[in-house]
Structures are given as structure tokens and as C-alpha cells.
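Try each task before reading its solution.

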Amino acid sequence: MNHSETITRRVAEIVSQRMADQQAGHGFDHVRRVHRTACDIQKQIGSDLFTIELAALLHDVGDAKFHDGVERSAEFSREILGDLKVDPMTIEHVAHIVDNLSFRKHETAEELSLEGKIVQDADRLDALGAIGIVRTIEYGATVGQPFHIAGNDPSDLSGPKTGAGHFYQKLFRLRDLLHTDPARQIATDREQFMKTFLAQFMSEMAD
């Protein structure tokens with residue numbers, strides 16, 4: 001195992017410990033999937049694998065949802081990587097990525113590097129497909145939000161907030177925000193699966 005692999009493995013261990021109590025689709029299981037998807041995209045289009053792995057592993061380590069509404073992933077990334085003696089240029093690159101990654105910041109975020117775009121694509125892809133459906137339902141259950149309200153059209157964004165409405169409010173918009181061709185191809189398949197599921201759900205509800 002080379003030095004980069006040793007650092008990456010240690011970061012994964014630290015993040016896993018720190019995120020042990022995080023649920024609702026935003027725990028370390030999510031981080032593992034984003035890491036795997038980002039590495040798969042990198043194999044197809046290139047760029048710096050070490051930076052991608054670190055950013056993917058650290059992108060939610062200080063998620064605002066679990067830190068009183070304050071996003072701390074960049075802060076924690078600097079702390080963790082500094083303790084592991086990662087070179088300062090890589091630390092700042094990773095911190096910049098995780099600080100400009102989230103969907104809620106997409107209108108104000110600074111331009112991402114190719115590595116950042118790959119990790120962002122991988123993160124957004126995890127909100128689509130079968131996993132995306134489960135995450136939406138899990139999150140709704142956590143915050144007391146219904147998946148559907150009888151008589152409500154989920155595509156009507158002026159209506160009450162529901163899990164089904166979240167598909168139209170956010171999830172079906174993600175494919176157009178992706179940067180890389182491999183990610184867009186995956187998103188197309190996953191989005192179609194979600195549309196099929198939603199159509200079947202609404203048919204069975206027979207509102």
C-alpha cells in the first residue's frame with residue numbers, strides 16, 4: 001500500500017467514526033457510495049484520484065444538518081488532513097471542493113476544479129434512482145414530512161411539501177446540473193426509474 005492509499009484509508013476510518021450517528025441517507029453509507037461513484041467516473045475521464053478520494057470521503061463530515069445549521073466540512077477537512085500531514089496545497093484543494101459542493105449553494109458556489117466536479121456529480125447521483133427514492137422516504141420520516149397527500153399534485157411546486165413533490169422540486173433537476181458525460185448517462189437511467197416508480201405509485205394511490 002502506497003502513501004496515498006494509507007492516507008485515504010485512514011481518512012475513511014476517521015470519517016466513519018465521526019459520522020456514526022448520522023442517519024436519514026446522510027451517513028457513512030452515503031459517503032461510501034459517493035466515493036465509489038467518483039472513482040468510477042475518474043477512471044473514465046481522468047484527473048487526480050487522490051484529491052477525488054479525499055474530497056468524496058470528507059464532503060459530508062461537517063454536514064450542516066448535524067451541526068446546528070452550520071456547514072463545517074471544509075473546517076473538519078483541514079483539521080483531519082492537517083493531522084495526517086497531507087501537503088497544504090492538497091488540503092486547500094479538498095477544502096475548496098467540499099465547501100462548494102452542496103446543492104443548496106449551487107447558485108453562489110465558486111467554480112469547482114475537474115476533481116470537484118466529479119465528486120459533485122457523484123454526490124448528486126446518489127440522490128437519484130432506487131437509493132434516491134429510499135433516501136427521500138427516510139428523510140421524510142425523520143422530519144415528519146409525508147411522502148404524498150391525497151388529492152395533491154406532486155408536480156405543483158406551490159402545494160404542500162411532500163416527498164413526492166421533492167422529486168419535482170429538486171431531484172428531476174439534477175441531471176441538467178451534472179458536469180460529466182458518465183454522470184449524465186447514469187442519471188438518465190436513474191431518473192427514468194424514479195419516474196416509473198412515481199407513476200406506479202400515483203396509479204396505485206388512485207387519487
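The buried residues of α9 pack against α2, α6, α7 and α8. This is a predicted model, in which local features need pLDDT of at least 70 and side-chain atom pairs count only at pLDDT 80 or more, while totals for chains, interfaces and linings use all residues. Residues are numbered from 1 along each chain as its sequence is written, and side-chain values use heavy atoms, leaving out hydrogens and water.

**Exercise 1. Find which residues of α9 are buried, and check the length of the helix.**

Step 1. Locate the helix: helices are DSSP runs of H or I with at least four residues, numbered from the N terminus. Helix α9 covers residues 181–205, which is 25 residues.

Step 2. Compare lengths. The expected span is 1.5 Å times one less than the number of residues. For α9 the first and last C-alpha atoms are 36 Å apart, close to the 36 Å expected.

Step 3. Pick out the buried positions, where buried means under 20% relative accessible area, exposed over 50% and partly exposed in between (1.4 Å probe, protein chains only). In α9 these are Pro 182, Ala 183, Ala 187, Glu 191, Met 194 and Leu 198.

Step 4. Look just past the helix: Ala 206 has a positive phi of about 50°.

**Exercise 2. Work out which side of α5 is buried and what covers it.**

Step 1. Check the helix itself. Helix α5 (residues 88–99) has 12 residues and should span 16 Å, which agrees with the 16 Å between its end C-alpha atoms.

Step 2. List the buried residues of α5: Thr 90, Ile 91, Val 94, Ala 95, Ile 97 and Val 98. Because they cover an arc of only 160° around the axis, they lie on the same side of α5. The arc is taken from the directions from the helix axis to the C-beta atoms.

Step 3. Recall the geometry: an α-helix has 3.6 residues a turn, so residues three or four places apart point the same way.

Step 4. Turn to the other face, away from the buried side of α5, where Pro 88 and Met 89 are exposed.

Step 5. Name the cover: it includes α3 (49–58), α4 (73–83) and α6 (114–125).

**Exercise 3. Describe how α3 packs on α5.**

Step 1. Take the axes, which are lines fitted to C-alpha atoms over the stretch in contact, with angles from 0 to 180 degrees between N-to-C directions. The axes of α3 and α5 come within 9 Å and cross at roughly 45°.

Step 2. Classify the angle. Under 35 degrees is roughly parallel, over 145 roughly antiparallel, 65 to 115 roughly perpendicular and the rest oblique, so α3 is oblique to α5.

Step 3. List the contacts (heavy atoms within 4.5 Å). Phe 50, Thr 51, Leu 54, Ala 55 and Leu 58 of α3 meet Thr 90, His 93, Val 94, Ile 97 and Val 98 of α5.

**Exercise 4. Decide whether Ser 47 and Lys 85 are buried, partly exposed or exposed.**

Step 1. Read the backbone. Neither is a glycine, yet phi is positive, near 100° for Ser 47 and about 65° for Lys 85.

Step 2. Apply the cut-offs: Ser 47, at 28% relative accessibility, is partly exposed, whereas Lys 85, at 70%, is exposed.

Terms used. Helices (H or I, at least four residues) and strands (E, at least two) are DSSP runs, numbered from the N terminus.
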